[in-house]
Amino acid sequence: MWSEINREYVKQLVLSNYKEYPYYVAQTVTYIDTTNTYNSPTVKVYFSKEPIAVNGAYNFTLPAGSICYNIIGGNGSRNSQNARVSINNVNGRININHYEFVYTNAETETQAYSIHPDIAVTNQLTQSHFDAGCILILIIMLATFVIRMMKG
């Protein structure tokens with residue numbers, strides 16, 4: 001499952017890269033090789049300038065020019081001096097294990113895989129609900145003020 005820290009980090013990464021790379025797939029990496037525990041990423045985020053093709057619930061095709069953020073989110077070791085975040089150029093098919101958790105805005109023409117939510121949309125929906133609530137309160141206050149002015 002996504003930890004709150006990793007989810008927030010991925011959300012901010014997606015929002016900050018949105019202008020240049022509007023399409024993304026973010027995944028957890030829960031399998032860690034026993035020989036390389038402290039150097040293995042715990043989260044990967046793939047970004048693309050072009051739409052990402054969906055070949056199945058856990059299979060995606062990245063266009064040329066895509067990039068991948070490899071994020072080491074686990075504990076460190078004095079034996080490992082690797083950077084916590086590295087970026088690689090990627091393209092082609094990625095197959096994510098079905099036990100990993102995924103956020104993406106990739107969709108097929110016929111079906112959006114709703115088991116993978118878009119991390120940026122939840123933020124936008126919350127903001128739009130907040131904005132609508134504020135506007136409603138403002139209208140009620142303005143109507144109350146106008147009614148009192150007409151009576152007085």
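Tutor: The largest pocket of this structure holds about 150 Å³ of space. It is lined by 11 residues, and those closest to its centre are Tyr18, Pro22, Asn105, Asp118 and Ala120. The model is a predicted one, in which local features need pLDDT of at least 70 and side-chain atom pairs count only at pLDDT 80 or more, whereas totals for chains, interfaces and linings use all residues. Residues are numbered from 1 along each chain as its sequence is written, and side-chain values use heavy atoms, with hydrogens and water left out.

Student: Why is this space called a pocket, and not a cavity?

Tutor: The grid has 1 Å spacing over the protein atoms alone, and a cavity is a set of points where a 1.4 Å probe fits but cannot get out, whereas a pocket is an open set with protein on both sides within 12 Å along at least five of seven lines; a residue lines it if it has an atom within 4 Å of a point. Points are joined across faces, edges and corners, and the volume is the space filled by probe spheres set on them, so the value of about 150 Å³ is to be read in that sense.

Student: Which elements supply at least two residues of the lining, and which gives the most?

Tutor: Helix H1 (4-17), strand E1 (23-28) and helix H2 (119-151) each supply at least two residues, and H2 gives the most, with 3 residues. These elements are DSSP runs numbered from the N terminus, where helices are H or I of at least four residues and strands are E of at least two. On that basis the protein chain has 2 helices and 6 strands, in the order α-β-β-β-β-β-β-α along the sequence.

Student: How many residues of the lining are nonpolar, polar and charged?

Tutor: There are 8 nonpolar, 2 polar and 1 charged residues, where Ala, Val, Leu, Ile, Met, Phe, Trp, Tyr, Cys and Pro count as nonpolar, Asp, Glu, Lys and Arg as charged, and the others, Gly among them, as polar. Asp118, one of the residues closest to the centre of the pocket, is therefore of the charged class.

Student: What makes asparagine 70 buried, while valine 85 counts as partly exposed?

Tutor: Buried means under 20% relative accessible area and exposed over 50%, with partly exposed in between (1.4 Å probe, protein chains only). Asparagine 70, in strand E4 (residues 59-71), has a relative accessible area of 11% and is therefore buried. Valine 85, in strand E5 (residues 85-95), has 30% relative accessibility, so it counts as partly exposed. Leaving aside neighbours within four places in sequence, asparagine 70 is in contact (heavy atoms within 4.5 Å) with Pro41, Val43, Lys44, Arg84, Val85, Ser86 and Asn88.

Student: Why is tyrosine 21 called buried, and where is it found?

Tutor: Tyrosine 21 is found in the loop between H1 and E1, and its relative accessibility of 11% falls under the limit, so it counts as buried. Beyond four places in sequence, tyrosine 21 is in contact with Phe47, Ser48, Lys49, Gly65 and Ile67.

Student: What makes E1 largely enclosed by the rest of the structure?

Tutor: E1 has 5 of its 6 residues buried, so the rest of the structure largely encloses it. Strand E2 (residues 43-48) is mostly covered, with 5 of its 6 residues buried. For the protein chain, buried residues make up 34% of the 152 residues.

Student: How do you know that E1 and E2 pair?

Tutor: Two strands pair if DSSP finds at least two bridges between them; E1 and E2 are joined by 6 bridges and run antiparallel, so they meet the definition. Tyrosine 24 has phenylalanine 47 as its bridge partner in E2, and valine 25 stands opposite tyrosine 46 in E2. E1 also pairs in the antiparallel sense with strand E6 (residues 102-104), over 3 bridges, where glutamine 27 stands opposite valine 102.

Student: Which strands pair with E4?

Tutor: E2 and E4 pair in the antiparallel sense over 5 bridges, and cysteine 68 in E4 is the bridge partner of tyrosine 46. Strand E3 (residues 53-56) is joined to E4 by 3 bridges, again antiparallel, and these two strands form a hairpin with 2 residues between them. In that pairing, alanine 53 has threonine 61 in E4 as its bridge partner.
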